[in-house]
Amino acid sequence: MMATTHALVGLALVAPVAVVVPDVAAPLAAGAIVGGIAPDLDLFFVHRRTFHFPVLGAAPAAAAMIGAAVVSTPAVVGLAAFLTVAWFHAMTDVIGGGAGFDPWTNPIERAVFDHWHGRWIRPRRWIRYDGAPEDAALGAILAIPALVVFDGPVRPLVGLGLLCSVGYALVRRRLPSWIDE
């Protein structure tokens, strides 16, 4: 999935909490957006291995959620959102294609690395590749809760994310040929 889709997944996950506890909406949104994007910073290392923890990420996320329930300061709530959404990002990379640049011609059977078991989890390809039409559609659907629940700078960020998602989806299949030229 695209990083923007992961960020929108995160906002959709924290939106119900923001409705119930609106005082922490801003740190929830910030933590969710950064947590949705941060794992993909491993593009500069071993993508979907260095900063992706689909199994080991569960314990820190759970501890942070418990901590946020007990100590509901903005910093703790934001950290809980960050860790939970980063963990969810790693888990949901399994539903996509492999991490290859042109998965339609060179499919890779490595979706995300499971550090606990020391092996790669195979991709399920429900979303065929990052930037696939279904990826952009999922992002658009998941933007709805964020647009309804959050205000302030979150709405324009969601709009910018959707614009980037659709633009990327429109050119995604052409990128490998443009780069090879």
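What volume does the largest cavity have? I read off about 30 Å³.

Entry 1, ground rules. I am working with a predicted model, in which local features need pLDDT of at least 70 and side-chain atom pairs count only at pLDDT 80 or more, while totals for chains, interfaces and linings use all residues. Residues are numbered from 1 along each chain as its sequence is written, and side-chain values use heavy atoms, with hydrogens and water left out.

On a 1 Å grid over the protein atoms alone, a cavity is a set of points where a 1.4 Å probe fits but cannot get out; a pocket is an open set with protein on both sides within 12 Å along at least five of seven lines; lining residues have an atom within 4 Å of a point. Grid points are joined across faces, edges and corners, and a volume is the space filled by probe spheres set on the points. I searched the whole structure and found 1 cavity of 30 Å³ or more. Its lining is made of Arg48, Gly97, Gly98, Gly100, Pro103, Tyr129, Asp130 and Arg172. I sorted these by class into 2 nonpolar, 3 polar and 3 charged residues. In this scheme Ala, Val, Leu, Ile, Met, Phe, Trp, Tyr, Cys and Pro are nonpolar, Asp, Glu, Lys and Arg are charged, and the others, Gly among them, are polar.

For the largest pocket I noted a volume of about 400 Å³. It has 19 lining residues, and Asp40, Leu43, His47, Asp130 and Tyr168 are the closest to its centre. The lining splits into 10 nonpolar, 4 polar and 5 charged residues.

The second largest pocket holds about 290 Å³. I counted 17 residues in its lining, with Val14, Val17, Leu28, Met65 and Ala80 nearest the centre. Helix H1 (3-20), helix H3 (58-70) and helix H4 (74-92) each give two or more residues to that lining; helices (H or I, at least four residues) and strands (E, at least two) are DSSP runs, numbered from the N terminus. H4 supplies the largest share, 7 residues. By class I found 15 nonpolar, 2 polar and no charged residues.

How far does H1 reach from its first C-alpha to its last? I get 27 Å for 18 residues, close to the 26 Å expected at 1.5 Å a residue (1.5 Å times one less than the number of residues). H1 bends by about 35° at Val14, with Pro16 following within four residues; the bend is the angle between axes fitted to the seven residues ending there and the seven starting there. Val14 is also among the buried residues of H1, as are His6 and Gly10 (buried is under 20% relative accessible area, exposed over 50%, partly exposed in between, with a 1.4 Å probe and protein chains only). The buried residues of H1 pack against H2, H4, helix H5 (133-149) and helix H6 (154-171), where contact means heavy atoms within 4.5 Å.

Is Ala86 buried or exposed? Ala86, in helix H4, counts as buried because its relative accessibility is 17%. Beyond its neighbours within four places in sequence, Ala86 contacts Gly35 and Pro39.

Ala30 sits in helix H2 (residues 25-37) and is partly exposed at 43%. I noted 9.8 Å between the C-alpha atoms of Ala30 and Gly10, 20 residues apart in sequence.
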